[in-house]
Amino acid sequence: ADKSTFSIPERRFMSVSFTDLRGFTAMSEKMSPEEVRETINAYLQVVMKAADDNRATIDKIVGDEVMVLYGAPKHYRDHALRAVKTALDQQKNLRALQSEYKKHGKTMPDCGIGVNTGDMVVGNIGSESRLNYTVLGSAVNLAARLCGAAQGGQVVLTQATIKAILDTLPEGFVAREER
């Protein structure tokens, strides 16, 4: 039943994140193609592991940007919490990778992450010759823009994501606001 969106796209309230390296394009211009591949693969390994560990769906990889879905094809009530936890895990994993790179005299850039929650259309999108399982809608576009606005090492999220987390806190959890 969770896979029904593969054949018929549907509107769903869910979360999406975009993760992107900062300054990688400029840095890669000074690297060999093999070094670019090695660096990208190391980065993708740690950010995709965080997504896998939180049972998210990796939608696509475009260069050094990773788009991740939370709530499709399998819906989780706590999709927003999973999205934020994934983003924090991605930052933590990347810091560990940066430390390893530094030991070998190499550089691994920081990444910025944008997370949003809202209504999206999820399903196979495309033509008769090629389909791609993805999400579309203004909530998706906002997450991509938040990623672009995030500084290296930052996770930028919306009030909609925070509200969705608070609405689904596990029993026994308490929310408190601090500034």
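Which side chain meets that of Glu 38 in a salt bridge? The partner is Lys 106, at 2.6 Å, N to O. A salt bridge here is a side-chain nitrogen of Lys or Arg within 4 Å of a carboxyl oxygen of Asp or Glu. Glu 38 lies in helix α2 (residues 33-53) and Lys 106 in the loop between α3 (79-103) and β4 (111-126), so the pair ties together parts 68 residues apart in sequence. Helices (H or I, at least four residues) and strands (E, at least two) are DSSP runs, numbered from the N terminus. Glu 38 is partly exposed at 39% relative accessibility. Lys 106 is partly exposed at 37%. Buried means under 20% relative accessible area, exposed over 50%, and partly exposed in between (1.4 Å probe, protein chains only).

The model is predicted: local features need pLDDT of at least 70, side-chain atom pairs count only at pLDDT 80 or more, and totals for chains, interfaces and linings use all residues. Residues are numbered from 1 along each chain as its sequence is written, and side-chain values use heavy atoms, with hydrogens and water left out.

The structure holds 10 salt bridges. Among them, Asp 53 pairs with Lys 49, with the closest N and O atoms 2.7 Å apart. These two residues are four apart in helix α2, about one helical turn. Asp 53 is partly exposed at 48%, and Lys 49 is partly exposed at 44%. Asp 78 and Arg 82 also form a salt bridge (2.7 Å, N to O). Asp 78 is partly exposed at 23%, whereas Arg 82 is buried at 16%.

Leu 142 is found in helix α4 (residues 138-149). Leu 142 is partly exposed at 34%.
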